[in-house]
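Open the viewer and keep the selection tool at hand. We will go stop by stop.

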Amino acid sequence: MSAPSLGKDLVGLEPLSADQLRLILDTAEPFKEVSERPIKKVPALRGKTIVNLFFEASTRTRISFEFAEKRLSADTVNVAASGSSVSKGETLVDTAKNLEAMRIDMVVIRHGSSGAAQFLGQRIASNVINAGDGKHEHPTQGLLDLLTLRDNFKRIEGLKVAICGDVLHSRVARSNIWGLTRLGAEVGVCGPPTLLPRDVRELGVTILPRIEDAIAWADALNVLRLQLERMQAGFIPSLREYNRVFGVTRERLERAPKELLILHPGPMNRGVEIDSDVADGEHSVILPQVTNGVAVRMAVLYLLAGGRPGPGQAAAGGDAA
Amino acid sequence: MSARPILLRGGRVIDPARGSDGVADVLVADERVEAVGRNIGEPDGAIVVDAANLVVAPGLIDLHTHLREPGQEDLETIATGAMAAVAGGFTAVCAMPNTDPVCDNQGVVGFIVRQALRAGKARVYPIGAISVGQKGQQLAEFGELVGAGAVAVSDDGKPVMSSHLMRTALEYARVFGIPVADHCEEMTLAQGGAMHEGIVSTRLGLKGIPAAAEEIMVARDILLAELTGGHVHLCHMSTRGSVELIRRAKEQGIRVTAEACPHHFTLTHEACEGYDTNAKMNPPLREAEDREAIRQALRDGTIDVIATDHAPHHYDAKEREFDDAPNGIIGLETALPLALTELVATGLLTLPELLLRMSTTPARIFGLPGGTLATGAPADVVVIDPAARWEVRPEEFHSKSRNTPFRGRLLTGRAEMTIVGGRIAWQRRGFAGAPAQ
């Protein structure tokens, strides 16, 4: 049987098979080591041109992609389009076609509208990587969460992972749900009913009504960022009440039957969805998540560029061409 | 110069208004139906159409069309929309008032009437706005609108959020005997929604519009119709809950009529998969059980009519992110074929029942001429080939716009010839029954 490939684009984890997910995670393993070297560079994407097209503000994801690209020796350009393409007066498809006319190889896109990455991928020949589209998916975040869980538990299958908070507006939640369920984990979602999407059970998840239920059930908590504007929009009464009812606090964790791994995609609102002593505590893997982010993005870039998976491909400086 | 008489020979003549259905000839002359019967003699100079194996029926009437003129002539004009109408078997369409300027005064009503006469295709009946500028505040001058030719009032596209305004509109419309047509959408629930709220919106990460956003306003409008005795016409019903509310209201004798669109009895929210903006419309495509409820309501008459909600958009307006794409699809050239395929071929409705929903009943509830082949009725006739198998190719449409989710769909049945006011307004290229020139 030939090894699975990823196809042209990575728009989400929903379309990926378990084999494809494992391929990315396995490919990321040797790339972790590259970032530990004194000279953090392999020639895998030498000569490739990548545009980081960010229609939404992002610090962590954009920098993580840029490091991943540079450590693979790609040439990168960052385009920060403030606001939507609409307010710029140029449509997304025009922007992309103009970039492509400059003969690029890949586009990493972050956009406020769900479906923007898929839309782009269907209209240009370059590889498209979704760096977050609206409330749809954030596949590389999902992958780095999977890698971090696998690092800690040495498996994904059979794990119980509770995704806590604003699932309704979260692309991180959707990518995690697809990735985890496909690899055999059990997924629970926990949050105020106002912030859980309609019919979410049909995605194959368990609804955990209270944060105490999630803590009692799970092996790991993935605590989502609560966007402050959700309060103005009337989804929750106040941040203070949110912390009281749904906050992940040390007191609550101490009552858990076992020790839980704590993940958070960042940026954190300390004292809202997560207390500082939990975020900074011994079971928090929030910073290892960030480290893993570079490795999985290197793996995705490498595989989409046509790189062959295999043990030690990065250490050997394997060329993608 | 009066048009030559037209004799339609040997078709299956269906007139739901008179409950008749059988093989006969139809003769039209002087803009009227002259005779329906066997072996009608051929008058001098008559155009003879061979309608054998075809259906001859009163022309279809669409109560819900957006013709975009004045204001957005790049999307559709009254001439191109009226042409698309006759090519879809419609002899009359009612034009919604959300134009620019809004059709809230006699000047715009008169302009639409004149443009339609100039085009000389389907009849176009303007619908006036309920409120000045469709702003939902001050009542428009219904008397002046009706005087200039408006047949109903509606703020379609903009829901009437003020219950007070809806109440006064229903009361005041009684003076003129016109219906008030409402786009039922509770804005605070629907705000920012891009599709139906359900499992598909959850997966796609799009903001959903719950069925309750429609049903709340359906319930309100029914209560206000009861309060005022006015006639409320509910546009493009899409949910099972709406159907149940209407059914109960009709049982109570409240003056409510309702329409449903072909896309709502054909598609579900799954058509939005892949972020297909041609499946973006308002009200949105709903769930399978809603679609089934709409079909059953069309069968039992809870929903009175099929209307298109023909909504032209330029291709590049739809060629964008789902959130930013405009709502709506064109429908005039696919409505009859979809209804024949989805409702008649499936055995849900008989052909006479379908024609009741697409011609006779629309005429009755908006008080329009037509909808019958009775002697002396306007000579508005459609000739239908119910067996034609064809594939939807939007590039062949007469509408200026191409925004349809039905591209490539195989359908059974379509119009072959449309006669408006005793003249052949359109016939399909290659129509076998076409008269020798």
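This tour of a predicted model starts inside one chain and ends between two.

**Stop 1: a sheet in chain A.** Select strands E5 to E9 of chain A. Five strands form an open sheet here, in the order E7-E6-E5-E8-E9, with parallel pairing. Now find the edges. They are strand E7 (206-207) and strand E9 (261-263) of chain A, and each pairs on one side only. Strands of a sheet pair through backbone hydrogen bonds.

**Stop 2: one strand pair.** Select strand E8 (residues 220-223) of chain A together with E9(A). Three bridges join these parallel strands. Which residue of E9(A) is the bridge partner of Asn222(A)? Click Leu263(A): that is the partner.

**Stop 3: a helix across the sheet.** Helix H7 lies across strand E5 (160-164), strand E6 (186-190) and E8 of chain A. Against E5(A), the helix runs at about 170°.

**Stop 4: two domains in chain B.** Colour domain 1 (6-56 + 378-427) and domain 2 (59-366) of chain B separately. Their C-alpha centres lie 25 Å apart. The contact between them takes 30 residues from domain 1 and 45 residues from domain 2. On the domain 1 side, pick out strand E17 (410-420) of chain B. E17(B) gives the most to that side, with seven residues. By class, the domain 1 side has 17 nonpolar, eight polar and five charged residues.

**Stop 5: where the chains meet.** Show both chains. Their contact takes 16 residues from chain B and 21 residues from chain A. Select helix H6 (residues 199-204) of chain B, which supplies the largest share of the chain B side, four residues. That side divides into five nonpolar, five polar and six charged residues.

Note on methods: Residues are numbered from 1 along each chain as its sequence is written. Chains are lettered from A and ligands numbered from 1 in the order in which they are written. This is a predicted model: local features need pLDDT of at least 70, side-chain atom pairs count only at pLDDT 80 or more; totals for chains, interfaces and linings use all residues. Two residues are in contact if their C-beta atoms, placed from the backbone, lie within 7 Å. Helices (H or I, at least four residues) and strands (E, at least two) are DSSP runs, numbered from the N terminus. Ala, Val, Leu, Ile, Met, Phe, Trp, Tyr, Cys and Pro count as nonpolar, Asp, Glu, Lys and Arg as charged, and the others, Gly among them, as polar. Domain bounds come from an automatic or database domain assignment. Two strands pair if DSSP finds at least two bridges between them. Axes are lines fitted to C-alpha atoms, for helices over the stretch in contact, and angles run from 0 to 180 degrees between N-to-C directions.
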